[in-house]
Amino acid sequence: GGGGGGGAHRLKLDVVVQSRRDGSLGAAAAALQRALAEQAASLGGLLKAGVAPVACAVLPEGLAVPVCLEYALAVGEEASEPSARPLRERLHAQLGLPLDRPLLRTCNALGGGGGGGAPAYLLRSPHEGLAPSGLAGGVISLVQGEYEYYHYFQPTGTGRTDKYDDNGWGCAYRSLQSIISWFRLQRYTSHPNPSHYQIQKTLVDHCGQEADGLLGKKTWLGSQDLGFYLEHALGVQCRFLSCASGHDIAANARQLARHFESQGTPVMIGGGELAFTLLGVDFNERTGEARFLIMDPHYVGPDELSQIRPKWVGWKSQDSTTHLGTKLFQQGELYNLCLPQRPSCV
């Protein structure tokens, strides 16, 4: 539609209209046309410098019919859309929706899917359907919600189809991509999965990392780096757990179980030369024994469950063998764990 000063502006419309089942197609089309015209006029009234009017139709769990929303977002606004937060808070209260999770953001729009343009080959939640860990008397605490499995030799970044060779150095980047996918699929963000270079660029431009040692290099990342990225790009806070020895991870199994029960987010484990994604724990309170649900980003094969489970995504003990022939959690190595916290916001 036309804007002030003769400039043209593209408005994205998103409406839902109700029509009688026994009504004519013409009547339904006319109702849709009227709703689109009304929304276009309404969004046009929000046009001004620095503002991006947007409409979306959402159907939060617990509501019987969709809700059509209109926001005046700031141009270039971060994925959490803070300028619309006061309006969302009022709408959550009016609709009786919980105030600790995003249900009315534009990334919650019907048809959005939460995929962020992710390619179809990516496996979602490959741990589902695994056999039990084999630990007697344990209590299982797992990641809550879907995520995508990222590993070596997959394309990197949104829209790419060519394989990217990060064998030997990119495991933490792949773990970060999987963690970001969890936040996107739970609709906390619409942030697309970044490439390795985009991750490095963010850490250099916004998180105080030195460009000479990181940008465009095959440089490993640590758990703190993942925390810096998540805080800047997604507004996600992280807790960190340091273990002076790999055996201390099992000693912290109770704390990790609490994380999955209260936060439900995937955890990155970094130690020695390797990084893994932790998806859950099976913990026996009486004996102190534990098993760990590990998603291993060092896999280089096709995205087929028959090739991946249970070796690359499966239950492990601290003494299970890695692809390098070492123990999963080695006694003489320092391990740092990044535990992303679920945002409590709308």
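Which residue forms a salt bridge with E148, and how far apart are the closest N and O atoms? The partner is R184, and the closest N and O atoms of the two residues are 2.8 Å apart. E148 lies in the loop between strand 3 (139-142) and helix 3 (171-185), while R184 belongs to helix 3, so the pair ties together parts that are 36 residues apart in sequence. Helices (H or I, at least four residues) and strands (E, at least two) are DSSP runs, numbered from the N terminus. Both E148 and R184 are buried; buried means under 20% relative accessible area, exposed over 50%, and partly exposed in between (1.4 Å probe, protein chains only).

The model is predicted: local features need pLDDT of at least 70 and side-chain atom pairs count only at pLDDT 80 or more, whereas totals for chains, interfaces and linings use all residues. Residues are numbered from 1 along each chain as its sequence is written, and side-chain values use heavy atoms, with hydrogens and water left out.

A salt bridge is defined here as a side-chain nitrogen of Lys or Arg within 4 Å of a carboxyl oxygen of Asp or Glu. By this rule the count comes to ten. Among them is the contact of R20 with D22, at 3.0 Å from N to O, and both of these residues are exposed. Another joins D100 to R101, with the closest N and O atoms 2.9 Å apart. D100 counts as partly exposed because its relative accessibility is 31%, and R101 is likewise classed as partly exposed, at 39%.

A pocket is an open set of points on a 1 Å grid over the protein atoms alone, where a 1.4 Å probe fits, with protein on both sides within 12 Å along at least five of seven lines; lining residues have an atom within 4 Å of a point. The volume of the largest pocket is about 540 Å³, taken as the space filled by probe spheres set on the points, which are joined across faces, edges and corners.

L32, in helix 1 (residues 25-44), is partly exposed at 35% relative accessibility. W220 occupies the loop between helix 5 (211-214) and helix 6 (223-234) and is partly exposed, at 45% relative accessibility. From V67, W220 is 153 residues away in sequence and 45 Å away in space, C-alpha to C-alpha.
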